[in-house]
Amino acid sequence: QDILVLPGAMTPTEIYKAWTLGAPAVKFFPAESAGGANFISSVRAPLPQIPLVPTGGIQLAHVPGYLKAGALAVGVGAPLIPKHLVESRNEVELKALAKDFLAARGAAFVS
């Protein structure tokens, strides 16, 4: 079986090291508190070959900015599956929220 493993990194040095050790992409964590989409842009300038997947604190409104900055994808947890919707088993709202996140990726590439 093939299993995708994305090592986590926070600094450009850690990102570069993970990439040189064979990572197919590198998870940037904690994205929002460590610089957000501006960090992604700054790191991608000298290291454009390294696919980055920011995670940590990313809200729906942040998704287009990360993708415009050059992120391969974004990782989200609680904002995509909030506890109150899980506890209430509200599938309708969970599906709607998932659709909103998917739509946000398209919004990244529309001016």
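This is a predicted model: local features need pLDDT of at least 70, side-chain atom pairs count only at pLDDT 80 or more; totals for chains, interfaces and linings use all residues.

Me: Good. Which residues form an aromatic pair, and how is the pair arranged?
Reply: The structure holds 1 aromatic pair. Phe28 and Phe39 make it, and the pair is stacked. The rings sit 4.2 Å centre to centre, with 10° between the planes.

Me: Where in the chain do Phe28 and Phe39 come from?
Reply: Phe28 is in strand 2 and Phe39 is in helix 2. They are 11 residues apart, and the pair links distant parts of the chain.

Me: Are Phe28 and Phe39 buried or exposed?
Reply: Both are buried.

Me: OK, core next. How many residues are in the largest nonpolar core?
Reply: It has 23 residues. Ile15, Val26, Ile40 and Leu52 have the most contacts inside it.

Me: Which elements each supply at least two residues of this core?
Reply: Helix 1 (12-20), strand 2 (26-28), helix 2 (36-44), helix 3 (63-68) and helix 5 (91-107).

Me: What does Val26 touch?
Reply: Skipping residues up to four places away in sequence, Val26 touches Pro7, Ala9, Ile15, Ala18, Trp19, Ile50, Pro51, Leu52 and Val53.

Me: And why does Ile40 count as buried?
Reply: Because its relative accessibility is 0%, and the cut-off for buried is under 20%. Ile40 is in helix 2. Beyond its neighbours within four places in sequence, its contacts include Phe28, Leu52, Pro54 and Tyr66. Ala69, Gly70 and Ala71 are also among them.

Me: How far apart are Ile40 and Ala103?
Reply: 21 Å in space, C-alpha to C-alpha, and 63 residues in sequence.

Me: Switching to Thr55. Where does Thr55 lie?
Reply: In the loop between strand 3 (52-54) and helix 3. Thr55 counts as buried because its relative accessibility is 13%. Leaving out residues up to four places away in sequence, Thr55 touches Lys27, Phe28, Phe29, Pro30, Ala31 and Gly75.

Me: Last topic. How much space lies in the largest pocket?
Reply: About 150 Å³.

Me: Which residues line the largest pocket?
Reply: Val63, Leu67, Ala73, Val74, Val76, Leu80, Ala98, Phe101, Leu102 and Arg105. They divide into 9 nonpolar, no polar and 1 charged.

Me: Which helix gives the most to the lining?
Reply: Helix 5, with 4 residues. Helix 3 and helix 5 each supply at least two.

Terms used:
Residues are numbered from 1 along each chain as its sequence is written. Side-chain values use heavy atoms; hydrogens and water are left out. A nonpolar core is a set of buried Ala, Val, Leu, Ile, Met, Phe, Trp, Tyr and Cys residues joined through side-chain atoms within 4.5 Å. Buried means under 20% relative accessible area, exposed over 50%, partly exposed in between (1.4 Å probe, protein chains only). Contact means heavy atoms within 4.5 Å. On a 1 Å grid over the protein atoms alone, a cavity is a set of points where a 1.4 Å probe fits but cannot get out, and a pocket is an open set with protein on both sides within 12 Å along at least five of seven lines; lining residues have an atom within 4 Å of a point. Grid points are joined across faces, edges and corners, and a volume is the space filled by probe spheres set on the points. Ala, Val, Leu, Ile, Met, Phe, Trp, Tyr, Cys and Pro count as nonpolar, Asp, Glu, Lys and Arg as charged, and the others, Gly among them, as polar. Rings of Phe, Tyr and Trp (its six-membered ring) pair if their centres lie within 6.5 Å; planes under 30 degrees apart count as stacked, over 60 as edge-to-face and the rest as tilted.
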